[in-house]
Amino acid sequence: MASQPKQLSKEQDVEAGRVTGENIDLITQALSWPFVKQASGLYEWKMTRKTHSFITDDPMPYSAQHQPRDAGDEVNGREMEEEEIDLDTDEETASTLLPILFKREELRLDVDGRYPQMTASGSMYSGMALSMHWIASLKSTGKNTWSGDIWYKSGTATFPYTKLKIKATTNFFSSQRKAVVVFYGGGGRARKVVYRFRSAYFHPVEFEFDSVEGAPIATSIDTQAHPNHPAILPGETLTIENVFRRAGFDVRKTAGDQVIPNESGPDALWSDMEMHDAMQIYWSRYADTAQWSMWVLFASLHEMGQGLGGIMFDDIGPNHRQGTAIFGDSFIANPPAGDPAPNAWINRMRFWTACHEMGHAFNLAHSWQKELGVPWITLINENEARSFMNYPYSVAGGETAFFSDFEYRFSDSELLFMRHAPESFVQMGNADWFDHHGFKQANSMGSPTFRLEIRVNRERPVFEFMEPVMLEMKLTNLSPEFQLVAAEVLNPNHDMTVILKKKGSPARQWAPYARKCTAPSRQIVDSGKSIYNSMLVSAGLNGWDIAEPGEYTIQAAIRIDDQDVVSNPLTIRVAPSRGYDEEAVAQDFFSDDVGRVIAFNGSRFLAGANDTLQEITERLPEKRVACHARLVLANPSSRKYKLLNISKGKRFETINRDMDQAKNMLNNALFQDPQKSAETLGHILYKKSVDKYSKTLFDEGEFEAAAQRQEDMLSVLQSRGVLDSVLKQVETTRTNYIERKATSATT
Amino acid sequence: MAKVTIDLQEGFLHDKAIIYMDNKAVATIVDVTTRNQIGLAERVQFELQNSEAELKIELPNRNISQKQMIQAPSDIFIGVSLSGSKLSLNIQKREFWYA
């Protein structure tokens with residue numbers, strides 16, 4: 001391995017912001033002045049006593065941030081115009097309680113230096129937990145000034161902004177560097193934050209290199225040793241560490257360079273299991289935890305033989321992507337016949353393989369795999385990319401073509417991901433391998449007209465085992481004018497896209513049992529107002545998408561005119577089963593028929609599914625799934641039902657309602673424990689069910705009972721903070737039933 | 001006799017795969033899943049009695065199947081990838097390389 005030139009290590013120290021004033025003279029003798037004037041890097045804001053007291057003096061009430069704007073609002077309530085945004089002062093703008101919640105914020109500014117992506121990203125932490133992550137594309141608007149649109153947001157905190165402006169102050173002394181960012185747009189009051197410079201790199205990372213006795217290693221390369229190289233490629237001794245420093249990482253080596261005994265067994269071939277064991281034994285940083293640290297093993301051959309040049313073997317257990325291996329005596333050691341510099345060819349292939357496998361540990365997919373998987377983790381395939389993540393022998397023209405214009409780097413989309421994706425997607429030991437390996441930008445506008453939210457009506461998004469998952473959707477008009485949308489815009493059986501992903505598994509698109517084709521009609525959504533609907537996402541044409549215990553992330557998207565409106569990602573958890581009864585019933589519950597009965601709110605035909613649901617009401621009466629079961633069992637009984645009877649010459653058989661049976665089931669489902677029912681069914685389905693039930697009672701002449709059901713529902717929904725407009729509807733219906741009762745009593 | 005190596009490569013996820021040569025099943029694999037870090041799911045090798053044969057790859061659970069006549073005067077290597085509902089076959093004379 002080549003030793004680091006002394007000058008280069010000093011550059012790295014300066015670049016990383018580790019230089020203090022007294023060392024400057026030594027450094028300036030070695031460095032060119034412009035080198036230290038770049039703005040790119042990691043900046044940080046932390047809540048201080050001063051910041052906190054400034055915020056609590058803010059006269060703005062908390063709710064003002066989140067109320068829809070009315071026409072003629074006062075200045076404080078309206079969106080700040082661009083010309084009013086002042087980047088030249090350090091005075092921070094407190095905008096309600098947001099800064100109090102985010103005790104620390106990071107900014108990654110990526111506008112100059114190596115392979116700038118013209119991007120800014122930020123992470124907001126409440127305590128140790130990440131509350132929000134955002135990403136914005138930038139354009140220069142002047143000296144050290146940029147502006148752009150925020151195109152990616154993920155997190156649980158409210159962050160309405162859609163645009164930002166940034167001004168960076170560069171200085172030789174890192175302590176004097178800062179970036180002032182103003183967030184605005186999205187219907188919220190503008191917010192200014194002053195971030196202090198921390199490092200010229202975006203993330204830290206540690207590498208530990210070990211090799212098996214006798215195996216070749218390649219941790220550095222003379223870039224011009226092989227005559228086939230780009231003409232513009234500088235001649236240098238390039239190390240693996242510097243490859244990743246140029247990708248934006250503050251690379252340090254941990255105790256390593258060990259030569260370990262060959263423990264691959266008598267055949268001297270390594271299996272994945274053997275490598276995983278070796279990682280646990282020899283890696284000084286091994287831990288069952290996510291950390292910016294990885295182990296790299298140089299070995300001779302894998303048990304797969306010559307055809308495997310290297311592998312990121314660590315895709316088992318709870319913490320993936322911590323270990324990689326390079327097999328130096330595989331095909332990467334066989335130069336083509338007639339190659340002008342075979343030794344250089346071999347070293348180049350070994351070096352490429354090492355950086356390639358380490359790229360997988362950063363959760364990078366192969367260049368041709370970017371479109372694999374699921375929409376929000378998809379990039380465009382880069383089959384011809386000159387990136388470490390592409391196979392040199394797979395491009396048009398083969399290795400010769402590849403290395404003739406390969407600059408020992410990652411592609412722009414890969415750098416964007418490594419530098420700016422949420423940390424958990426990239427960090428070793430965090431997101432599972434191939435999970436969130438990239439993301440796709442939806443066709444969303446810089447200043448969106450709509451906001452789509454999906455949520456659950458409960459304090460914590462945790463569901464019992466077998467409890468069907470009901471979500472509530474809310475579409476809000478963020479514009480200052482009324483908007484026309486399709487009447488069915490929030491109908492999940494219409495044109496909505498819903499993606500579900502269980503942690504550790506590939507994401508899948510939810511497919512409803514039925515799609516509706518309706519005559520086009522529109523509805524008005526006033527400025528600042530919202531429309532709502534609910535959806536059952538547990539089951540569909542692909543089976544039960546939410547069944548096993550674990551964590552699931554759900555995201556929805558709709559298209560309104562030419563705009564994609566993408567919801568927040570919602571993470572829910574399914575609890576494990578609590579006993580034998582649940583396990584026993586679950587085997588029949590998670591069937592296609594039961595899924596259909598629940599999705600269609602009942603069936604008279606699917607008798608087997610009905611038997612299973614009946615069993616649930618008897619064996620698990622207190623569980624939330626029993627509430628759903630009672631509801632769907634009762635529904636067919638509460639109405640006149642037409643059933644096509646094939647055995648009777650394909651005739652429709654009319655089955656009259658059985659109100660006694662229906663009432664018993666519906667009273668149990670909706671009113672035995674109304675809080676539980678409203679929570680598990682969701683407010684929208686709960687109200688629809690009670691409305692339907694009370695209408696049935698009304699039709700049967702039971703006016704008092706109908707009014708009482710509305711009264712009971714009003715009490716529940718009031719206690720759960722449902723919108724006043726909905727409560728008024730319930731009151732009106734109840735009053736109508738009471739008046740009808742009074743009218744019928746006098747006639 | 002030539003050796004045929006079939007690599008089931010990209011796009012497989014818990015698939016059942018049956019490989020036929022001249023209508024005779026030579027391999028059945030019940031759970032084929034691509035290891036994305038190398039782009040390879042399974043490797044099957046067998047010897048060909050004749051220098052020419054009809055290869056058929058079937059994914060019964062997806063209702064997908066693909067046939068191709070292959071000629072193997074010497075050892076050949078066949079890469080099979082799944083994209084959407086289509087299997088693509090890539091035949092070459094050297095072993096496929098993965099990293």
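Predicted model: local features only at pLDDT ≥ 70, side-chain atom pairs only at ≥ 80, totals over all residues.
A:Phe331 is buried, at a relative accessible area of 1%.

**The aromatic pair**

- A:Phe331 pairs with A:Tyr393 in an edge-to-face arrangement, with 5.5 Å centre to centre and 85° between the planes.
- A:Tyr393 also counts as buried, since its relative accessibility of 13% falls under 20%.
- A:Phe331 sits in the loop between strand 19 (323–327) and helix 7 of chain A, and A:Tyr393 in the loop between helix 7 and helix 8 (398–404), so the pair ties together parts that are 62 residues apart in sequence.
- Over all chains, the structure holds 37 aromatic pairs.

**The interface of chain A and chain B**

- Chain A brings 27 residues to the contact and chain B brings 15 residues.
- Two salt bridges are counted between the chains; one of them joins B:Arg35 to A:Asp272, with the closest N and O atoms 2.3 Å apart.

**The chain A side**

- Strand 18 (310–311) and helix 7 (342–361) are the elements that give two or more residues to the side of chain A that touches chain B.
- Helix 7 gives the most, with five residues.
- By class, this side of chain A has 14 nonpolar, nine polar and four charged residues.

How values were computed
Residues numbered from 1 in each chain as written. Chains lettered and ligands numbered in written order. Heavy atoms only, no water. Contact = heavy atoms within 4.5 Å. Salt bridge = Lys/Arg side-chain N within 4 Å of Asp/Glu carboxyl O. Helix = DSSP H or I, 4+ residues; strand = E, 2+ residues; numbered from the N terminus. Nonpolar A, V, L, I, M, F, W, Y, C, P; charged D, E, K, R; others polar. Phe/Tyr/Trp six-rings, centres within 6.5 Å; stacked < 30°, edge-to-face > 60°. Buried < 20%, exposed > 50% of the residue type's maximum accessible area, 1.4 Å probe, protein only.
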